[in-house]
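Me: Please take a close look at one helix in this model and at the contact between the chains, and describe them in some detail.

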Amino acid sequence: MEVGQLQRRFLEYTASLFNQGLLDAQFQQLQQLQDESNPDFVVEVVSLFFEDSEKLLNDLTIAIGQQTVDFKKVDAYVHQFKGSSSSIGAQRVRNACIAFRSFCEEQNTEACMRCLLQLKQEYSLVKDKLQDLFRLEQQIVEAGGAIPMLEY
Amino acid sequence: MARSDVFSRKRWSEKTSNNFGHDVHVLAVDDSLIDRKVIERLLKITSCKVTAVDSGIRALQYLGLEKNSVGFDGLKIDMIITDYCMPGMTGYELLKKIKGSSTFREVPVVIMSSENVLARIDRCLEEGAEDFIVKPVKLSDVKRLKDYMFGDEKQETNKRKLSEMSSESDITEPDYSASPSPPTSISESSAESLSSSPSLDSSTTLSSPASPHLSTTSSPPCSPSLLTSPTRRLKMTNLELD
């Protein structure tokens, strides 16, 4: 596929992620921080997010699975997840965290378990989409093109 | 007349190159690696030198305000930006320690928080925080901070003209109280709990940081023993004393 087509595909894909509410303005911020001197900035930050998230989801699974759930601990993990997802613009993950926290406050184990499941699904979704996006970027670069920015 | 012009211009440019513009040195404190990476990039893109640390204790150690400190003479910090919610020492506690120190109390401290809680904001401002930014931090937040604290090229040129007109003996530090008082940064999307911006009293207008005069002794960088796991490394970037 030639560069122009790849670039169009990339722009359309990016736009769809915003339209679906998977990503918000903060992701655009990250894109704006990327330049020739820091060409991999977004991938780097998002990779950190993936690492961090997977650990958090693991810790959350363990914490929720305890005989006596330590809701303070669970809330702390979700708070952290909320922060990191917010920092990269993963809007739906962030919203799932907000809902989760209210159930932590209520100390509602059942609801928290459902929230955790929801959170895992949202995370998995945005991870897949972002990886697709990065693959598209790579194709553009390999074809010798520049990565276009959506005009906002 | 020409002689005094040259003299005042030289004095001025010494001040600007030491304290403003490209040499603004910011200490960023955040326990989240992701947030540290982002804030570091935001600051660097606005031409600041950045030292990023992962806790209040580390920050105090870096500043030389804690035992086992690696603070060295002549450390120049122009601004401290810290997360509020951190394990161990909160940003608020860090703020109090900084404001309680003789060496760094004049350094502007900015608090970042994901929670837009008026009581929290008030408490920080009362304790002497320069500003409070709701996360996620944006480029416009950092630009705004840098502009009102350290001026832009245009402002510096104007000040230069002003100082050239006054006699040499009257050259003082730039008085930023003439600039519009900095609005508290509360992002639109989460401003429900605020009706008006908290008042900033006049003491928050900008005295230039009363950091100790720069010595030119070269000091060793942070000792390796302070480095912990790769994910929570003390980041010492661009550690230059000039």
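Reply: In this predicted model, helix α2(B) is mostly covered, with 10 of its 13 residues buried. The buried residues are Ile34(B), Asp35(B), Arg36(B), Lys37(B), Val38(B), Ile39(B), Glu40(B), Arg41(B), Leu42(B) and Leu43(B). The helix runs over residues 33–45 of chain B and reaches 18 Å from its first C-alpha to its last, which is close to the 18 Å expected at 1.5 Å a residue. Just after α2(B), Ser47(B) takes a positive phi of about 65 degrees.

On the side of chain A that touches chain B, the elements giving two or more residues are α2 (25–32), α3 (41–64) and α4 (71–88) of chain A; α4(A) gives the most, with 7 residues. The residues of that side of chain A divide into 7 nonpolar, 10 polar and 5 charged.

For the interface as a whole, 22 residues of chain A are in contact with 15 residues of chain B, and the area buried between the two chains is about 1600 Å², of which carbon and sulfur atoms give 62%.

Terms used
Residues are numbered from 1 along each chain as its sequence is written. Chains are lettered from A and ligands numbered from 1 in the order in which they are written. This is a predicted model: local features need pLDDT of at least 70, side-chain atom pairs count only at pLDDT 80 or more; totals for chains, interfaces and linings use all residues. Side-chain values use heavy atoms; hydrogens and water are left out. Contact means heavy atoms within 4.5 Å. Buried area is the accessible area (1.4 Å probe) that two parts lose on being put together, summed over both. Helices (H or I, at least four residues) and strands (E, at least two) are DSSP runs, numbered from the N terminus. Ala, Val, Leu, Ile, Met, Phe, Trp, Tyr, Cys and Pro count as nonpolar, Asp, Glu, Lys and Arg as charged, and the others, Gly among them, as polar. The expected span of a helix is 1.5 Å times one less than its number of residues. Buried means under 20% relative accessible area, exposed over 50%, partly exposed in between (1.4 Å probe, protein chains only).
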